[in-house]
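I opened this notebook to record what I looked up, one topic at a time. The structure comes before the entries.

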Amino acid sequence: IQAYADMNGFILGVHHFNNGIGAAVPQIEGINKTCPIRLVHTNYDTESSQTVALDTFSRSFLENPDQPPSAVFGAWQSAVSVPLAILTGVLGIPQFSPLSTSTELDDKVQYPLFSRLIPSDAGTARAAVAYFRNRLDVSFLGVLYVNDAYGSAFHQAIQEAAAEREEGDQIEVKGYAFSYKESVDFDASEIELAIKQLKESRFRVFFGVFYGTHYDIIMNYAYEYGIVGPEYLWIISDGLQKSYFQDKRYDVGSPLAVATQGISILQAKGGLETPDGSTGTDRFIKAYFNQGDDAVNYTTCKRPASNSQNDKSVYYVAEQDFFRSKTLYPGVGATFAYDTAIGIGLAACQLFEEKGTEYFNGEELFNAFVNTEFDGATGRIQIDPKTTSRSAQSAFFVLYNSDGVLDETGEFISFNIETISHTTTTPGSISSDVMWVDLPGKSYHYADGSTE
């Protein structure tokens, strides 16, 4: 269901751009009257697989080599974007990802035509280290990370961010990796070994860099080895989305119930809703929920035509009134996907204005995208020209925190995942540190349920 909402974020961005609707981004109001460019897209399912992504893209390219795509939107996971970005770069096709955050993709020699409107893990790592040090006064940190492009680069970024702090204000970091390949006969021994090493480190504060598919396995082992619950603290990267816990409930006292109490998720986000509805985030959410049944039907018909299993039943089909009934709030993927669509459109229109023609090559579109600035659903869009990733200075980070709620029987527990802190900027400040502030009336809930 989350993938459906994320895909609709991109579709809504395309719709707004093509029709000059400035409901979320005032800058594109009426742009359809001054710019003849229109965005047309075909969706493919990478299945979170490098092999499937490369095979699918290669087949689609070879079917019509004389009319290659102007750009590639995606993928979500860095492990998929990395090999795909090498191929698209060789072919001269720009690739724009909404959520791939691996620092590896900042390498412009290896990935010359890759860009993104989400900050790389280097920026998120600085935000995480600042929270651990400045808000929690942590001096020792254990990092558990999946050994792929996303996890390895994020771990390295954490190490560098911790080491770069001033003497006396640094954090000692120890990292432990595990490999994971989803299969029926998956061997979890590497995860167990990494958890055992975390236990042996005698650290009590941990940062996890992994995905939702790993969560249950990891936390069951963490419970078994006694490194969850009171006296321990876990913060997890954006590989785990807060929507993972939607509609989940656990037996009271079960390993996952104990482990989930007090965990947090740190991620980049466009912004927060405000009472006066004045931000880009507010405008996007309003536009998202104002969509009618036509949007439901169109989003459904834009599902991938096929997948490696030839099973379209795996794709969510929304009920009518899905948006107006607020079935699911748009996640971070939807907002960054929306802004990416707008950014591609604005870049193309800028080229039309400069060249006086609708024809341009991939490198020209890429450079125009990197130089495009606008106020989007995720805040002020500014891209670092050196890395072609969203600049950390224009990014916004939040910390979600879980707190258990018993059902009426007292036998089951579910978890509220609420925003408790976010980053902020001080006008005129020359500090390179990331500043965190707590939301009014919000406190960190720890594993024992306390707020102190």
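Before turning to surface, I noted that accessible areas come from the Shrake-Rupley method with a 1.4 Å probe, and that for residues only the protein chains shown count as cover. The protein chain exposes about 20900 Å², and carbon and sulfur atoms supply 48% of that area.

I kept in mind that this is a predicted model, in which local features need pLDDT of at least 70 and side-chain atom pairs count only at pLDDT 80 or more, while totals for chains, interfaces and linings use all residues. Residues are numbered from 1 along each chain as its sequence is written, and side-chain values use heavy atoms, with hydrogens and water left out.

**Overall form.** I looked up the size of the protein chain, taking the radius of gyration over C-alpha atoms and the globule rule as 2.2 Å times the number of residues to the power 0.38. A compact globule of 452 residues would have a radius near 22 Å, and the protein chain agrees because its own value is 22 Å. Along its principal axes the C-alpha trace spans about 65 × 50 × 45 Å. I found 12 helices and 14 strands in the chain, where helices (H or I, at least four residues) and strands (E, at least two) are DSSP runs numbered from the N terminus.

**Burial and contacts.** I took buried to mean under 20% relative accessible area, exposed to mean over 50%, and partly exposed to lie in between (1.4 Å probe, protein chains only); by that rule, 51% of the 452 residues count as buried. With contact meaning heavy atoms within 4.5 Å, I read that 69% of the contacts between residues at least 6 apart in sequence join residues at least 24 apart.

Two strands pair if DSSP finds at least two bridges between them. Three strands form an open sheet in the order β1-β2-β3, with parallel pairing, and its edge strands are β1 (72–73) and β3 (114–116), each of which pairs on one side only. Strand β2 (residues 95–97) pairs with β3 over three bridges, and I found phenylalanine 96 opposite serine 115 in β3.

**Helix α9.** How many of the 10 residues of α9 are buried? I found eight, so that this helix (residues 280–289) is mostly covered. Among the buried residues are Phe284, Ile285, Tyr288 and Phe289, and the buried residues of α9 pack against α1 (2–19), α11 (332–355) and β10 (374–376).

**Strand β9.** I next checked β9, in which five of five residues are buried. In a regular strand the side chains alternate between the two faces of the sheet. Ser264, Leu266 and Ala268 lie on one side of β9, Ile265 and Gln267 lie on the other, and all are buried. Strand β7 (residues 233–236) runs parallel to β9 and is joined to it by two bridges, with isoleucine 235 the bridge partner of serine 264. On pairing with strand β12 (residues 397–406), I read an antiparallel sense and five bridges, including the one between isoleucine 265 and tyrosine 400.

**Glycine 262.** Where is glycine 262 placed? I found it in the loop between α8 (255–260) and β9 (264–268). Glycine 262 counts as buried because its relative accessibility is 7%. Leaving aside neighbours within four places in sequence, its contacts include Trp234, Asn401, Ser402 and Tyr444. Glycine 262 and proline 440 are 178 residues apart in sequence and 19 Å apart in space, C-alpha to C-alpha.
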